[in-house]
Amino acid sequence: MAEWLDDFLFTYETLIHALGIHGLLALSMYCVMALGQLSLGQAAFMGLGAYTGALLTLKLGLPFWLVLPISALVPALVALIIGGPTLRLSGVYLAIATIALGEVLRVLYINAESLTGGALGLSGIPQKASLGLVYGLLALCIAGFWAIGRSKIGRAMEAMREDEMAAGVMGVNLPLYKLGALVASAMLAGLAGSLAAHSNSFIGPNEYGFETAVTILSFALLGGIGTPIAPVVGAVVLTALPEVLRPLADFRLVINGLIIVLAVLFLPRGIVPFRLRRAP
Amino acid sequence: MLSQQLVNGLVLGSTYALFALGFTLIFGVLRVINLTYGFYFSVGAFVALWLARSFGASIWIALPLGSLAAGLVAVVVDGVLLTRLRRTKAGELPSLMVTLGAVLALYSLMAALIGTDIQRFPFGFVGSTALEFAGIRVSLVQMLIVGTAFVLVAVLFLLLQHTRLGLMIRALAENEDAARLMGINVDATVVAVSFLSGLLGGAAGVLIGLNFNAIQPFMGEAMMLRGFAVIIIGGLGDIRGALVAGILLGVLEVLTAGYLSSNAKEAVGFTILVLTLWFRPVGLFGRAQVKRA
Amino acid sequence: MFRSFLVTGAVAVAAVAVTPAFAQQTVTVGAIEILSGPSAAYGTAIKAGLELALDEINAAGGVLGGKKVALIVEDSAGNKDQAVNAARKLVGRDKVPVIIGPTLSNEMFAVGPVTNERKVVTVGTSTTAVGITAMGPYIFRTSLPEADVVPVTLKTAQEKFGVKTIAMMYANDDAFSKSGFDSMKAAAEKLGLKIATIEAFGSKDSDFSAQLTKIKGLNVDAITVSALVEPISGVVLQARQLGIPASVRFIGGNGANSPKLGEIAGEAAEGLLVGSPWFVDKKDAINDKFVADFRKKYSKDPDQFAAQAYDTMHIVAKAIDTAGAAESDKIRETLLKTNHTGVMGPFTFTEGRDPASTEGVVVLGMKGGKFQILQ
């Protein structure tokens, strides 16, 4: 292989990793939004996965194949606990409860110093998340969501998104679907968090706050939720964007924000507006 | 010491309440988590700062003009961002998203133009003398904050309950379509609500910026999360609830930091928020309508 | 995988690749600083310091026999992912032999492993946390870690002002403040100071009344604060507002060492003590020239971040020049031996790639809204 290719890969390694991991996060957002719900807890779940994974690797030295599923299960458990009361209410409440979760966890990471390193975070996490693993999992998830989307479950999900009350009347088990989606999305976010921790080598308590939650939401909103591919495309665009806009320095975030505004106002179905075709 | 801590809590709580008033008003009436609200807060503070520095304006001029400017900005921002979505009845999600993108753009633009250094009102802008009473110290600014919070709640309450505009706003909060059918000028009412909330946000920005001497473009962002807690605990759209919940939160935070552990202070708001969602999602007074899913 | 495979082949390629590099008339150095977002003030000051030094270096004929030094400053926005991306771009695409920065310790913890693996010299100018240079043999810093500065300050307070009992405050949610506090606590214990209480706050908090009211009841001699300048200003102002008398001195960590403190806190900060590796009014020819040139170029006073960056740029240029080539390995060797007298005083690196001397540390006291060297 040529040296330039090696340099190219080195230059963009973190970015390529981030694209895959953000793709997974976008899917975790898709998972709740496909039902017309709004969770701002993806960042919190991601953080839980990251801390769980990093601690299991660093303190217990568990093998990575075991670390990954546990990092997905811990956030799933937390999702069950907060999903119970809030899913009975309208969407706004879930959104706010999940924001609160992120803050509570942040305070916890900062104070559980002996375990989490407090404000200094955890460093020296071995880089175990290979590109193959990240993209393999991403492909698997897209395929899985695609299959679900075309099945009866997918139809129920779309019905809920379009008109929740009507879907309920038609016999869709609303609470089950909502809780199931929240738990699945928490698992995905936890997985992504653990992968991120094992590719960045450093995690800190302030990385999973409101801003990260907002970024993850913007992936799905920009891409759209017509197909599982769409949010991933959104993630790719928004992850690459800050790098592309680098020369603009000060005005980069301005443009990033404007893109979100314009996408929502003028592309309500996202930049990938197609819908899944149903199995007959 | 306890009495001083209670006063500290009252002042802190009043800042939360001041911030939350306009926020809960938008949320309650327009059904939008409007994240640009934090930006109005910063606008109010900066306009007042500019007036004080460039023209030597006193607080009695800078405060109303700063608030007014924030109100006008709110009307413009709301009109540009949300009119279209309101017309198509796009719902909570896209509205939240569009204000999210906008607030990111607006904060960053402000930071790029003004810089991120924190600034303060000129020394002596408001007398820094503190009154001492039975070992309790309160400064003029602090009294101004507590006073303003209570006065604004009273004025807003009277406005909503006893004026024609208030009636229109309440009708809009109840049901937009019905309000329109009843001959209410919905568009004008929306503008009025945006203006009012911007005005309140701006006033809060000036006073809080004055109290903490820390004015910078992102100052609204830091208040936002506590704002969420206050409006849920007080009940969405509930003006008196916002006041009570704000003060309650402030007092509890101060007592936690003073007597338990200052590490736990930040967790207080969110713990109460989670408890509220579990046991009493309608908020303290149970006035707000909670749409059950 | 393929990288180890490459190494053998790369030696041959490198020999060819080096020749055109020699033909170039510039040596490019990279920097990663926060130029946007809420903490942009730090990165902007550093960038100003670097560029001022750069002008002087190039005006004096550059390095390596007449080559100009060019500087690419990448923005990290205070975000560690963007900092890593910037580092990778500088290393992989711009092929810089030296990176200056990043601004925050948090960012350095993310960037360090990447640049060290690629054997690119990385010099932090503002990263004071514990463990920075332990990341690898290519990671340097020119900023004195808090653990070196704080003991000097506390000792002065103890000896000069008879401070015996202290209350300690710190921002518990950022690495800079927390790590500074850890050093302070260790130093205070070593000096035998009595710690009456330890109070934490959030770095974005603006209300400290609860903690300060508690401290007021404890009758301490001094209050130490480790945080960035914004919250420290708030703490100091509110302490006086709550009636903590001016006889109770504040002792600040590195974050307090900013002219902003006087501007925001005014009289309330009177008497505050802080240790600093550099000071704007330090009277020597090098510093006078630096301050005058800085004022001329940017029409404002430099702060310590600008001063540290200014020295660092000179130190790096000197190391490149003595290395004889813009190659990271050689620069690493010469950096370890570089001896430079700059605005911070005489400077060398330790074996552990930290600044060797704390001789330059001056203890400053706030007087009339401005820092002055304590007599």
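Reader: Two strands pair if DSSP finds at least two bridges between them, and how many bridges join strand E1 of chain B to strand E2 of chain B?

Author: Four bridges join E1 (residues 130-133) to E2 (residues 136-139) in chain B, and the two strands run antiparallel. Strands (E, at least two residues) and helices (H or I, at least four) are DSSP runs numbered from the N terminus. This is a predicted model, in which local features need pLDDT of at least 70 and side-chain atom pairs count only at pLDDT 80 or more, while totals for chains, interfaces and linings use all residues. Residues are numbered from 1 along each chain as its sequence is written, with chains lettered from A and ligands numbered from 1 in the order in which they are written.

Reader: Which residue in E2(B) is the bridge partner of Glu132(B)?

Author: Glu132(B) has Arg137(B) as its bridge partner. In this hairpin, with two residues between the strands, Ala134(B) takes a positive phi near 50 degrees.

Reader: Changing topic, is Val268(B) buried or exposed?

Author: Val268(B), which lies in helix H11 (residues 265-279) of chain B, is buried because 22 other C-beta atoms lie within 10 Å. The cut-offs, with C-beta atoms placed from the backbone, are 20 or more within 10 Å for buried, 12 or fewer for exposed, and partly exposed in between.

Reader: And what is Val268(B) in contact with, leaving aside neighbours within four places in sequence?

Author: Val268(B) is in contact with Leu252(B), Glu253(B) and Thr256(B), where contact asks that C-beta atoms, placed from the backbone, lie within 7 Å.

Note on methods: Two strands pair if DSSP finds at least two bridges between them. Two residues are in contact if their C-beta atoms, placed from the backbone, lie within 7 Å.
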